[in-house]
Amino acid sequence: VTNSLCVMQDLTLRTLIGMGERRDGLYYFRGICHEKVFKVDDMSLFDLWHKRMRHPSLKITQLIPNIDSSVTRHKACDVRQRAKQTRDSFPLSSHKASSSFELVHCDLWRPYKTPSSCGAYYFLTIVNDFSQVVWIYLLLDKKEMSQVLLNFIALVERQYEKQMKIIRSDNGTKFTCLRMQFLERGIVFQTSCVGTPQQNGRVERKHRHILNVAHALRFQGNLPISFWGECILTVGYLINRMPTPFLN
């Protein structure tokens, strides 16, 4: 406040709210005029409608009536090109096991929202790289996975008289917690890099195959979703008995 002016300021934002000029012993509030500048690029009508219509092709945009496309400065639309960019395909592994159980792939499917008829929410998939034979185990809780996988190793040793050499999985703690047990048995434990499930692609693709066929079985039988566990196990049974190029 001065003898001639009274300035008002916002205490929080520290911005000027208004100013009063003193006349006859009173301060008359005048307010502050804010200037705004709005810059608009010089744009043709053709380019404007091209953007409004979510960047269609030049041929489609030319179909809009009352727009002269001959005077447009329309050029290659970089927005459409950037929007269509996709991730480069991940190279497939050329490594192939030379004998059964030389390399085994494992993965745990995420929990279903609806439990199966036996109460399971997860299923563990184990794939033999050499023969593509698959084992599927329904799990009530993912904590069961460790013991189920160790039981499978014992099954291979007793029933097939084979020694597993390499186990490959993602980098989840559900698998890495078994690192010492694998080391004690002389099994090489391989994990994919964080955020790169493509490195565990063989069992990931097997999961997709299992789920697609399981959905087909459930839809064909008009079964409720609680029967997903039976469908998953049936698919594993069928996959192991279908002709496969891996075994000629």
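A residue counts as buried when its relative accessible area is under 20%, as exposed over 50% and as partly exposed in between, using a 1.4 Å probe and protein chains only. The model looked at here is predicted, so local features need pLDDT of at least 70, side-chain atom pairs count only at pLDDT 80 or more, and totals for chains, interfaces and linings use all residues. Residues are numbered from 1 along each chain as its sequence is written, and side-chain values use heavy atoms, with hydrogens and water left out.

Now for the rings. The structure has eight aromatic pairs (rings of Phe, Tyr and Trp, the last by its six-membered ring, with centres within 6.5 Å; planes under 30 degrees apart are stacked, over 60 edge-to-face, the rest tilted). One of them is tilted because the planes of Phe-101 and Trp-135 meet at 35 degrees, with centres 5.8 Å apart. This pair links distant parts of the chain, 34 residues apart: Phe-101 sits in the loop between helix H3 (78-83) and strand S4 (103-109), and Trp-135 in strand S6 (residues 134-139). Helices (H or I, at least four residues) and strands (E, at least two) are DSSP runs, numbered from the N terminus. Phe-101 has 4% relative accessibility, so it counts as buried; Trp-135, at 15%, is buried as well.

Trp-109 and Phe-123 make a stacked pair, at 6.1 Å between centres and 25 degrees between planes. Trp-109 is in strand S4 and Phe-123 in strand S5 (residues 122-128), so the pair ties together parts 14 residues apart in sequence. Both Trp-109 and Phe-123 are buried.
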